[in-house]
Amino acid sequence: MTAGKTVITLICERAADLNSLLDQKGSLSDLPDVHVVKFPCSGMIQPLMIEAALKAGAGGVIVCGCQIGDCFYREGNKMIKERLLGERPPGLKKTVDRRRVMALWLSRRQKERFLTEAREFVVQMKKIDELEGSAQPAVASK
């Protein structure tokens, strides 16, 4: 990712417990390029939110719900998973770069796994940005 690009995390408040890792602005203290937005349930996350974040310039989006089969609100995590896979409407538009969207299904105790996955995702986004930046046609100078 180029400087200034942020990875937005849309997370169920009952998934990986990141509260102790957040600064006052909602970014992870260990990963300042990762901003966290909490929802009561991942089922409230809509594909349009993911599309809007990417369109607004986010480098990538992480969707994180509680473990499948363990949703406090019954099936919210299953619903967003099916939407991301295109198995339930509304789904992501075909124009969304799927490489820039990652989904995780984690329990409250799996914050270290979240951090590991998020670090790897940030690295992947930087590589994609570098590749896309090098694919730009060179401007001829006089």
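**View 1. Gly65 and Trp105 stand opposite each other, Trp105 being in strand E4.** This is a predicted model, in which local features need pLDDT of at least 70, side-chain atom pairs count only at pLDDT 80 or more, and totals for chains, interfaces and linings use all residues. Residues are numbered from 1 along each chain as its sequence is written, and side-chain values use heavy atoms, leaving out hydrogens and water. E3 (residues 60-65) and E4 pair in the parallel sense over five bridges; pairing takes at least two DSSP bridges between two strands. Helices (H or I, at least four residues) and strands (E, at least two) are DSSP runs, numbered from the N terminus. Four of the five residues of E4 (residues 101-105) are buried, so the strand is largely enclosed by the rest of the structure. Here, buried means under 20% relative accessible area, exposed over 50%, and partly exposed in between (1.4 Å probe, protein chains only).

**View 2. Meet the rings of Phe72 and Tyr73.** Their centres are 5.1 Å apart and their planes at 85 degrees, so the pair is edge-to-face. Rings of Phe, Tyr and Trp (its six-membered ring) pair with centres within 6.5 Å; planes under 30 degrees apart are stacked, over 60 edge-to-face, and the rest tilted. Phe72 is exposed at 58% relative accessible area, while Tyr73 is partly exposed at 46%.

**View 3. Here are the cysteines Cys71 and Cys41.** The sulfur of Cys71 has its closest cysteine sulfur in Cys41, 3.9 Å away, too far for a bond. A disulfide needs two cysteine sulfur atoms within 2.5 Å. Cys71 is buried, with 12% relative accessibility.
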